[in-house]
Amino acid sequence: MELEVKNLSLIYPLRSLDHYLFRARIVSLFKNLFKKKKLKDNLNSKKNILALNNINIKLQSNDRVGLIGLNGSGKSTLLSTLAGIYEPSSGHVKIDHNISIPIIQPYAVCEPDDTIHNNIIFIGLLLGFKKEKIESQMEEILTFAELKDYRNLPVATLSQGMKFKMVFAVCFILDGKKIYFIDEFFTTGDEKFQNKGFEYINKKTECIIIVCSHNRRVIEKFCNKILVLDKGEQIFYGDINKGLDIYNKIINS
Amino acid sequence: MIKFYKEVLSTIRNFDLWFNIAISKLRVRFIRTALGPIWEIIGTMVFLIFISLIWSRLWGRAFFEYFGFLYTGYAIWKIMATTITESTFLFSELYSNALKNMRCNPISFCLGNSLKNLLILFLNLPIVIIITIYNDTISLNGILLMLIYLFLFFISATCVSFIVSTLCLKFRDLQYSVVVIMQLLFFMTPVIWDPQQISEKGRFFLVDTNIFYHYVEFFRSALLYGGVNKLSIIVVTISTLILMIVTFFLYAKIKNKIIFWVT
């Protein structure tokens, strides 16, 4: 099992909200009645940004990569692209999506009025698991998430931390996935559960895990490689200590 | 093209997901109510009994005969209109988070949306069948035609749901115009009035060329009269085929762009 990324680039279309406004278009039209060139420029407010530029990495089983970079450096975009949510504009991602799982904002898809039990099934299905598998591991999920006695409560009654526990259990307890893309996931939840979670993930073998985080503790404790991004460019890929030094330089520059 | 065909096929095969999407929305809709989905029947029944009481007298028709005509027409119209209007915000609001954060095919949500509405139609079916038994119009032929219709309707509804959802995602003004158009079409389509009540010229424009009429008529005639006119069968079948082709090509063309329109 491996994950190989070659010359990956992603062009992300950005469109100013003004572009949609009929009123803004009319005002712009009158303002620039005699300045044809400017008018054209104003109306053509659609811009494309190079969100990811020439990313090259190769991961093997048991690799745990920490993605680090300033806000807007392209960490989450890279994660989404690797997970198959965005199609690369150029380059190639060699991955088996049947065994990969994007853990980007899983609680965003929860149906707050529905029960914990039903939400576990729904999230599991959206993540690509079979219903029989989810049902067969339901008790294990609820026990790990410490929600066994609350299965029929609506998700709306859960705190953010408890939702984290529920989603964590769905993503990691269910067997069958080997490549995990985790975005800023360990920021919620109490430290006790975080440690329990780390311990559980560390036991997983023959997996590839890519974690995107601003938290150095998470990367140092959990990863064996680091990928430093800046403005969509791959700055460094390799040893953690060296990568964190480079990241420090970016912060201080 | 083969890649897209395989994607669509594997989405259809993932029945558990879209069945769950449908059931989950249906469950949440009636959550914390004592009567649950029975409210769907009560709401429609009360509304249509009152309408039938007034309009059957206005048009000099027997109450039960008109009530049967209205109930079957309204039941299917409501499902058609709900499917289309809900599709206007399916990708932009209802499932935008799932599209942004999960690797799931947008067609799953269209299948789920259509199935949810079809299940609501099934809630009304017992009443429709009671009416046909009371009016002594029930027949095996009619039930078979209805089953064929429901199959074609489900495909059409899913395709329309995908087309409307993507267009409304890209062109947000359509969200509002579709709702207005559906309200107008309710009065233009023979749902509460009989096509026999208007002139030949009016019939051509409002009935024969109105695709929505043929979808209503197929369902209504199958149940009420045990047979459907050939034109409605042809229109519904051809429309379903055209919608499937359009949906497939639209999917192949814009599938990778949907995520950028959502964010």
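The legends below accompany close-up views of a predicted model.

View 1. Chain A has an average pLDDT of 86, and 91% of its residues score at least 70. Among the elements of this chain, the lowest mean pLDDT, 50, belongs to helix α2 of chain A, residues 36-43, whereas the highest, 95, belongs to helix α4 of chain A, residues 116-126.

**View 2. The interface of chain A and chain B.** On the side of chain A 31 residues take part, in contact with 25 residues of chain B. Between them the two chains bury about 2500 Å², of which 57% lies on carbon and sulfur atoms. The size of an interface is often given in this way, as the accessible area lost when the parts come together. Six residue pairs in polar contact, with both residues at pLDDT 80 or more, are found across the interface of chain A and chain B. The elements giving two or more residues to the side of chain A that touches chain B are β1 (2-15), β5 (100-103), α4 and α5 (131-136) of chain A, and the largest share of that side, six residues, comes from α4(A).

**View 3. A salt bridge between Lys25(B) and Glu111(A).** Across the interface of chain A and chain B there are two salt bridges by the rule applied. In the pair shown here, the side chains of Lys25(B) and Glu111(A) meet at 2.9 Å, taken from N to O.

**View 4. Asn101(B) in helix α6 of chain B.** This helix comprises residues 96-101 of chain B, and Asn101(B) lies within that range. With a relative accessible area of 5%, Asn101(B) falls under the 20% limit and therefore counts as buried. The side chain of Asn101(B) reaches the backbone oxygen of Asn97(B) at 2.9 Å. Apart from neighbours within four places in sequence, Asn101(B) is in contact with Ile85(A), Pro102(A), Ile104(A), Gln105(A) and Ala108(A).

**View 5. Helix α8 of chain B.** This helix, residues 140-170 of chain B, has 31 residues and reaches 45 Å from its first C-alpha to its last, which is close to the 45 Å expected at 1.5 Å a residue. Helix α8(B) is mostly covered, with 22 of its 31 residues buried.

**View 6. Lys148(A) in the loop between α6 and α7 of chain A.** The loop that holds Lys148(A) runs between α6 (138-144) and α7 (160-173) of chain A. Lys148(A) has a relative accessibility of 40% and so counts as partly exposed. When residues up to four places away in sequence are not counted, Lys148(A) touches Glu139(A), Leu142(A) and Thr143(A). Leu125(A) lies 23 residues from Lys148(A) along the chain, and the C-alpha atoms of these two residues are separated by 20 Å.

**View 7. Positive phi at Asn54(A) and at Glu206(A).** Most residues other than glycine have a negative phi. Asn54(A), although not a glycine, has a positive phi of about 55°; Asn54(A) is placed in strand β2 of chain A, residues 46-60, and is partly exposed, with a relative accessible area of 40%. Glu206(A), also not a glycine, has a positive phi of about 55°. Glu206(A) is placed in the loop between α8 (191-203) and β7 (208-212) of chain A, and at 44% relative accessibility Glu206(A) counts as partly exposed.

Note on methods: Residues are numbered from 1 along each chain as its sequence is written. Chains are lettered from A and ligands numbered from 1 in the order in which they are written. Side-chain values use heavy atoms; hydrogens and water are left out. pLDDT is the predictor's confidence in each residue, from 0 to 100. Helices (H or I, at least four residues) and strands (E, at least two) are DSSP runs, numbered from the N terminus. The expected span of a helix is 1.5 Å times one less than its number of residues. Buried means under 20% relative accessible area, exposed over 50%, partly exposed in between (1.4 Å probe, protein chains only). Contact means heavy atoms within 4.5 Å. Buried area is the accessible area (1.4 Å probe) that two parts lose on being put together, summed over both. A salt bridge is a side-chain nitrogen of Lys or Arg within 4 Å of a carboxyl oxygen of Asp or Glu. A polar contact is a pair of N or O atoms within 3.5 Å; within protein, one must be able to donate a hydrogen and the other to accept it, and residues adjacent in sequence count only if both atoms are side-chain atoms.
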